[in-house]
Amino acid sequence: MSFEVKHLQKNFGDKVAVEDLSFRLEGPGVYALLGTNGAGKSTSIRMMLGILSKDHGEVLLNGENFDTHKVNVGYLAEERGLYPKYPIMDQLMYFASLKGLSQDAAMERIKYWGDRLKVMEYLFPERKKGKKVKPTLADQMSKGNQQKIQLMAALISDPDFLILDEPLSGLDPVNTDLFKSVIREEIEKKKYIIMSSHQMPVIEEFCEDITILNRGKAVVHGNLNDIKKSYGRVNLFVKCDEDISSTVNSLGIRVVSDTPAGIQLKVQNESEARTLLKHLTDENKTIVRFELREPSLHEIFIESVGENAEDKESAAKDSSPNEDKGTNVEGSKAEDM
C-alpha cells in the first residue's frame, strides 16, 4: 500500500496557505510535517482527510483517490474537540459507532486503551455505598487526560492509517513517554502514520522522512538521514581547559556560541576542523571534548525556516507595513481553518 500527496494547493483569498505540496509513503512508517505556526501543516492534513476542499492536487492511496469512507483512518486533531458537558464513555461509544464497531467490540477496545492510557478510573468510576455513580464529563478531566481520551477515539477502530497533529502538545514528561510508547506500538503494527509536531527530538526519534513547510511551501523534504548528510559535518563543539578563542579567531572559524560548557563552531568542512585540532595539539591545549557532527533537525529547521521567514518579513515591511500586518492575520486564520 502506498500513499501519495501530489501538488496539493490551498488559497484563502490572496493568501497561499499550501503551495504545491508533494510527498509519498511507499510503505508503513511515520512521515513528519514540520513548520512554524501558520506554515500550513494543519491545512494540509485537513485537505488530505477531505475536511477542507483542495484548490489543486491529489491525495492517492494505491493510485486511487484517498477516501476516508473506504479507509480506516484515525485522526488526532491539534485542536482538541471533546464535548465538554457529555460523559466521556458516551462520547467514545459514539465515536466507535461512527467507525462501525459493535457495542461489544467498542467496549473491548475502550477497556484496552483505558488501561493502556491509565484512565480507567474516569471510564469506570468506582461505586460507593449509598451513592449513585455519576459518569465523568469531559470538562471534569485535566487537559492531559482529555488528550488521552481523544487519542483513544483516534485509535478505537484500530486504524490502518493514523494522522497525529501535534500529539504531544501540552503533555507532562510522564504522559509524553506514555504517548511515545503508544506511537511505537502503532509503528510495530505496521501502520501508516503522518505526524505534525514542533518537537524536533520527537520527529528525529520516530520519522525517517520529513517535509519542512515555510509559509505553505516545502523548503526541505526527503529522507532525514540523507538531508543531514547533505549538510555535511560542519558543526564542531570544542571544550578545552585553556582559552582557545585566539586560535579560533586566527583561523577565521565562525563562533556560534561561547559558553562555560565549551565553544560551538561552524566550520566549512572536515579539513578545517582537522586544522583546528592540529593547532590546538601543537599549542599543547588540554582538549576535553572535540566533536564534529552533522546538524540536528532543530538546526536544519532554524536555518531553513527561521532566517528565511525573517528575510521575508523584513522585505514585506519595507514594501508595505500595512500589507504585512494584514498578511499575518490571514496567515493565522488560514492555519486555524
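## The largest pocket

On a 1 Å grid over the protein atoms alone, a pocket is an open set of points with protein on both sides within 12 Å along at least five of seven lines, and its lining residues have an atom within 4 Å of a point. Grid points are joined across faces, edges and corners, and a volume is the space filled by probe spheres set on the points; the probe is 1.4 Å. What you see here is a predicted model, in which local features need pLDDT of at least 70 and side-chain atom pairs count only at pLDDT 80 or more, while totals for chains, interfaces and linings use all residues. Residues are numbered from 1 along each chain as its sequence is written, and side-chain values use heavy atoms, with hydrogens and water left out.

With that in hand, the largest pocket has a volume of about 770 Å³. Its lining has 24 residues, and Val73, Tyr75, Phe95, Leu98 and Lys99 lie nearest the centre. Strand S6 (73-76), helix H2 (88-98) and H5 each supply at least two lining residues, with S6 giving the largest share, four residues. Helices (H or I, at least four residues) and strands (E, at least two) are DSSP runs, numbered from the N terminus. By class, the lining divides into 14 nonpolar, six polar and four charged residues. Here Ala, Val, Leu, Ile, Met, Phe, Trp, Tyr, Cys and Pro count as nonpolar, Asp, Glu, Lys and Arg as charged, and the others, Gly among them, as polar.

## Helices around H6

Helix H5 (residues 143-155) packs with helix H6 (residues 173-188) at an angle of about 5°, their axes 12 Å apart. Axes are lines fitted to C-alpha atoms, for helices over the stretch in contact, and angles run from 0 to 180 degrees between N-to-C directions. H5 and H6 are therefore roughly parallel (angles under 35 degrees; over 145 is roughly antiparallel, 65 to 115 roughly perpendicular and the rest oblique). Gln147, Lys148, Leu151 and Leu155 of H5 meet Asn175, Leu178, Phe179, Val182 and Glu186 of H6, contact meaning heavy atoms within 4.5 Å. This contact has five nonpolar, two polar and two charged residues.

Helix H3 (residues 103-116) also packs with H6, at about 135° and with the axes 11 Å apart, which makes H3 oblique to H6. Tyr112, Trp113 and Arg116 from H3 meet Leu178, Ser181, Val182, Glu185 and Glu186 from H6.

## The four-stranded sheet

Four strands make an open antiparallel sheet in the order S12-S13-S11-S14; strands pair if DSSP finds at least two bridges between them. Strand S12 (254-259) and strand S14 (287-293) are the edges, each pairing on one side only. Strand S11 (residues 235-240) runs antiparallel to S14 and is joined to it by six bridges, with cysteine 240 opposite isoleucine 287. Helix H10 (residues 270-282) packs on this sheet, touching S11, strand S13 (262-266) and S14, and its direction makes about 170° with that of S14.

Strand S1 (residues 3-12) pairs over five antiparallel bridges with strand S4 (residues 56-61), where lysine 6 stands opposite glutamate 58. Seven bridges join S1 to the antiparallel strand S2 (residues 15-25). S1 and S2 form a hairpin with two residues between them, and glycine 13 in the turn has a positive phi of about 65°.

Strands S9 (residues 209-214) and S10 (residues 217-223) are antiparallel and share six bridges, with leucine 213 opposite alanine 218. Their hairpin also has two residues between the strands, and arginine 215 in the turn has a positive phi of about 55°.
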